[in-house]
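Subject: Structure handover

Hello,

Here is the structure I said I would pass on. My notes follow below it.

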Amino acid sequence: MSALTVFGSVSWATTYKLDGLLAINDAPSPCLGVRVKVFEGSKLKTEVILTPDGKVKPVGRTPAPAPQFMKGKTYSLEGTCVSTSNTYQHSQLKFTAEGRTVMVVFTKMGFLFKRGGLAY
């Protein structure tokens, strides 16, 4: 496995530690990308497409920045496999951010969400 993309942020004079979204290419996948909707509570915060090579492509006319998760807040992710074959997969993950990464792992069957180790 190789880590491809990690996001973090520093804001103002105070440093805020944020969880990151990480793409892992574990095996050749039928998914050309995974469309991920990020909800904070019940509010849609951003929507992106992650590709197996680690690129994050914002979705929409006014694209939001890459997903970042603030410690202590609750998030829900909805992921859908983007494929040219007959592969369809939809997965969800709900979690409270506590400093661990969220991984989108590309597998030979599609993809899956996993929680990683501590990012900070």
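Among contacts in the protein chain between residues at least 6 apart in sequence, what share joins residues at least 24 apart? The share is 51%. Please keep in mind that this is a predicted model.

Overall make-up

The protein chain has 11 strands and zero helices. Read from the N terminus, its elements therefore run as β-β-β-β-β-β-β-β-β-β-β. Of its 120 residues, 38% are buried. The protein chain has an accessible surface of about 6,900 Å², and carbon and sulfur atoms account for 54% of that.

Five strands form an open sheet in the order 6-5-4-8-9, and their pairing is antiparallel. The edges are taken by strand 6 (56-58) and strand 9. Each of these two has a single partner strand, so one side of each has no neighbour in the sheet. On average, and ignoring direction, neighbouring strands of this sheet are turned by 25° against each other.

Strand 4 and its partners

Strand 4 and strand 8 run antiparallel and are joined by eight bridges. Along this pairing, lysine 37 stands opposite glutamate 78 in strand 8, and glycine 33 stands opposite valine 82 in strand 8. Strand 4 is also joined to strand 5, here by seven bridges and again in an antiparallel run. In that pairing, glutamate 40 is found opposite lysine 43 of strand 5. Strand 4 and strand 5 form a hairpin with two residues between the strands, where glycine 41 takes a positive phi near 65°.

The nonpolar core

The largest nonpolar core holds 20 residues. Which of them touch the most other members? They are Val36, Phe69, Leu77, Phe95 and Val104. At least two residues of this core come from each of the following: strand 3 (21-25), strand 4 (33-40), strand 5 (43-50), strand 8 (74-82), strand 9 (90-96), strand 10 (100-107) and strand 11.

Arginine 115

Strand 11 (residues 110-118) contains arginine 115. What does the side chain of arginine 115 reach at 3.2 Å? At that distance is the backbone oxygen of arginine 100. A polar atom of the arginine 115 side chain also lies 3.4 Å from the backbone oxygen of threonine 101.

Regards

How values were computed:
Residues numbered from 1 in each chain as written. Predicted model: local features only at pLDDT ≥ 70, side-chain atom pairs only at ≥ 80, totals over all residues. Heavy atoms only, no water. Helix = DSSP H or I, 4+ residues; strand = E, 2+ residues; numbered from the N terminus. Buried < 20%, exposed > 50% of the residue type's maximum accessible area, 1.4 Å probe, protein only. Contact = heavy atoms within 4.5 Å. Areas by Shrake-Rupley, 256 points an atom, 1.4 Å probe, with all protein chains shown as cover. Polar contact = N/O pair within 3.5 Å; in protein donor to acceptor, adjacent residues only side chain to side chain. Core = buried A, V, L, I, M, F, W, Y, C linked by side-chain atoms within 4.5 Å. Pairing = 2+ DSSP bridges. Axes fitted to C-alpha atoms, helices over the stretch in contact; angles between N-to-C directions.
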